[in-house]
Amino acid sequence: MNNAQDNPFRSEKALKRLRRRRNADMRFQGYGIVALGFALFALVFLISAIAWKASGASTYHVIRVDLELSPQTILPEGDASPEEITRNIEGFYSLVRNDLLTRFPEANETVQSKRAFSSLIDRMAVLPLAREVADEPHLIGQTTSVDVPLSDDVDMFLKGAAPRAIFLRVGEASSPMRNAEEGDFKIEVDRLNKVSAKIAAIGQHGAEPTVLLVADKSVGRIKSMEDGDVILEILTGRQDQFDGASVKAVIIPSPEDQRSVSDQQIAWALALKAEGVIKRVPHFSLLTHTDSTYPELAGALAALVGSLLTMLVTAAVSIPMGIFAAIFLEEFAPKNRLTQIIEVNINNLAAVPSIVFGLLGATLLLGTFGLPRSAPLVGGLVLALLILPVVIIAARAALRAVPPSIRSGALAVGASRMQAVFHHVLPLALPGMLTGAILGMARALGETAPLLLIGMVAFVAEVPSSTTDEATALPVLIYSWASNAERAWEPMTAAVIVILLAILVLMNLAVVLLRRKFERRW
Amino acid sequence: MAQELGQLPMGWLLTALIVIVVASGFSIGRIRAERYLIAGGQKFHSRGNYHGYYVAMWGFIPPLLVAGLYVLFAKPTALGLLSSELPEAFHTLSSAELQSYLESVANAAAMGGYSGSDLVFATVTGRYLELWGSLKGATLALMLAGAVTGIMYARRKVSPAFRARLRVERGAEAFLFLCAAIAIATTVGIVASLLYESLRFFAEVPFTDFLFGTRWNAQTSAEFGALPLFFGTFMIALIAMLVAAPVGLFSAIYLSEYASVRTRRYVKPLLEMLAGIPTVVYGFFALLVIAPAVRASALGINSFLIELGAANGPVLAAQPTSALAAGLVMGVMVIPFVSSLSDDVINAVPDSLRDGAFAMGATKSETIKQIILPAALPGIVASMLLAVSRAIGETMIVVMAAGQRARISFDPSTDLTTITVQIVALLTGETEFDSPKTLSAFALGLVLFVVTLIFNLIALRVVQRYRDKYE
């Protein structure tokens, strides 16, 4: 009888070899899991990074005030047409600004301070208000509540994005004592050590960080501090508001000359926020406004409509044409050289870089045919050619899935080939063809490069109303916003990406539902 | 009168006319056929509807041809007639100036006429509207005449013995063929337009200078050596493939050989989502997240090397946009292109090969490494080729994250530029046609088209052979 030592498969060497081989097997499987994990991680990371960035644009800060729309400012010449009212940006702007200025006497002191205060709101931000008043002239002379978006720099600060600020509650302040110098005063604060600890934790980068103390609607800047005592320079509000108030400290590490908002502007913004004039509201204007050079006023409406018009053209051209081409190739094409060439051609066309289609559009459609630049018509045609192979391939697969018995049955009762296809095969293949077409449309919706080459990258401030108007599309808007330098554009861009991805998800969902409803096993 | 004609909305009119013609042609044919039937004549070969289709077809084709000619030639003809009528004073203009003048006239006319203070311009625009109006009127008249002639001709043919259905079906088949031929027309259009513009470019810049020159400076001065662009394209595609090839291949192996049916059902669509995300989104991601990370790590490596004493200055360029950032993100994008096709070809390897290997006592990984992968190799190579072709032709990621500077550098943290980036840079914004700067974009496009075509053809051929072998 064999015992373990004699069996060559049980010898120590053999067992060791077996262990090695099994370990190699485990390792190999591990590589697969790691690779798959990497790919899935990349997907999750990409989507969550963009979603996180986009969440910053879901709300924004507006100034909400009750305003008397005084006729003297809005209608300086007594009477005006709606166009003239809309054009009177300056009037509306001064109305809003002057209302705010009454709250801050120090902002009225010099030209510089007034200018600094004015830049809390961009001039064009009152345009929606002006349009509303022009539409409803009966508002003139009445007092209404108006929302005016805050300048993007201040908005970014209040959202805590840039410049970064640290907010600390530092407890109660003592009653202020007049200091030697004019305008400064000295107070004692409960837990000032928290502030010093934080400053030490940030670490010194050459410049001293700015520290502001906020008590209700008053804001002061710390000039110096010594164990619990601070010397405060008042930026806005009154000294006596610090008396016994609970004080908040705002630490801003970056030095004043390196940021786009000054200490004084921050103080005003904090005071306005404490007063409830600055409110954080949902950012619906992202969907209702058109493009603008100011991030807080820009929206994606024009691009959304532009994409829609482009897609209409693409669908109208590529879906019928793709389906007919597929019917020809699958049902009627004789097996000859020409058919073969067409087949190879379609497969190749599916892999031609999209930018080459843009070049084709630029020379043939814009140059030879003289179609208008930047128009959804041209964009739609180019994208239709781009996705035509995708639609054809999907439609052919759908036709092939219809069993030959259907055709034979139709032919047997005397239908012609054309009748067999159009009366019997096509209705059965149509759901499959449509799912392929929707997938093709989803690809077209995300294409950017061909549209850049036919000029759809232009700045479009008006919603296009026809397929020959100047227009842009969602992915192109993403590209142009992403190339803007200001930080405030990043969350806006990410938000438009979220809109685009949401549309794509809906389209794919439609495909899944269509498949589930019409899926048929023969 | 003619000026008013110039304002006609031709798009709607043409469509309406064709719809009316088709509808009336159909009813004329059908009614005529039915009259025979009611009269109790012989039995018809085709149903009344087919006679209707037949007449409608004859009413439809002539106006469609006229409309096609109008779309192609109306504007150039009107402008040509106009420029031949322009007074002496205009002859001093250069051809480019004249072209842009005529273009502005056409634009003003398209807006409904010019009402400004420039009298000359107003007169010219008015005359152009007149010319255009007569052209439009003539087109409409011609379409109508063609339609009526066609319908009259076809109507006479309606008779019991006439095989209308066969004619209609032949017509329909021809239409289906035309739709399929669009694919060829597209390819021909691409090749013709790229070749035409490239030949004009090579008439000014020698071919060899373009292919082998090492200085590219198309924007500012006339230096068209495209070698740095080819290098940048190659470098970024290489980085992308270094990511995508192993990840895609191992994912495919795991999904087809190890994963359970359930895992496969959920994970495969997730993996393919990577291919469904628009490339501009990848570009934004590369610009926002990956490029700063690459820069930070390059800076870290630099200071580490300096601290070690291995270098006395920065080694890596650490640019804000870099080849590595673009390449990494592009690699993630092309993973599904590798994994999907590889998955298919691995699945196509017959189970008898696997069973044979298992019967010999091979472990799963040995079977995969020594039996399945060699058998599936052609297909895998094809999937890699297709992925490379994707990476070479990809535009938005590199436009946003790779940079604009044309140079040859092996440092992955430096910014490189690619063929596609330069095409976009040359053709967006202010473009003057006919300058070598603009034309060079088409030469680059031609190179891109030819290279990707070669990759695709090889890949498709290999996949075809492979299918023939196992299926």
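Predicted model: local features only at pLDDT ≥ 70, side-chain atom pairs only at ≥ 80, totals over all residues.
Strands of a sheet pair through backbone hydrogen bonds, either parallel or antiparallel. In chain A, three strands are arranged in the order β2-β1-β10 to give an open sheet, and their pairing is antiparallel. The edges of this sheet are formed by β2 (143-149) and β10 (278-282) of chain A, each of which pairs on one side only. From one strand to the next, the twist averages 40°. For readers who would like to trace the pairing in the structure, strand β1 (residues 59-68) of chain A is joined to β10(A) by five bridges in the antiparallel sense. A handy landmark is I63(A), whose bridge partner in β10(A) is I278(A).

The helix pair comes next. Two packed helices are described by the angle between their axes and the distance between the axes. For helix α18 (residues 474-482) and helix α19 (residues 489-518), both of chain A, the packing angle is about 165° and the axes are 9 Å apart. Angles over 145 degrees count as roughly antiparallel, and α18(A) and α19(A) are therefore roughly antiparallel to each other. The crossing of α18(A) past α19(A) is left-handed. On the α18(A) side, the contact involves L474(A), P475(A), L477(A), I478(A), W481(A) and A482(A). The residues contributed by α19(A) are W489(A), M492(A), T493(A), V496(A), I497(A) and L500(A). Sorted by class, the contact of α18(A) with α19(A) comprises eleven nonpolar residues and one polar residue, with no charged residues.

Terms used: Residues numbered from 1 in each chain as written. Chains lettered and ligands numbered in written order. Pairing = 2+ DSSP bridges. Helix = DSSP H or I, 4+ residues; strand = E, 2+ residues; numbered from the N terminus. Axes fitted to C-alpha atoms, helices over the stretch in contact; angles between N-to-C directions. Parallel < 35°, antiparallel > 145°, perpendicular 65-115°, else oblique. Left-handed = near helix turned anticlockwise from the far one by under 90°. Contact = placed C-beta atoms within 7 Å. Nonpolar A, V, L, I, M, F, W, Y, C, P; charged D, E, K, R; others polar.
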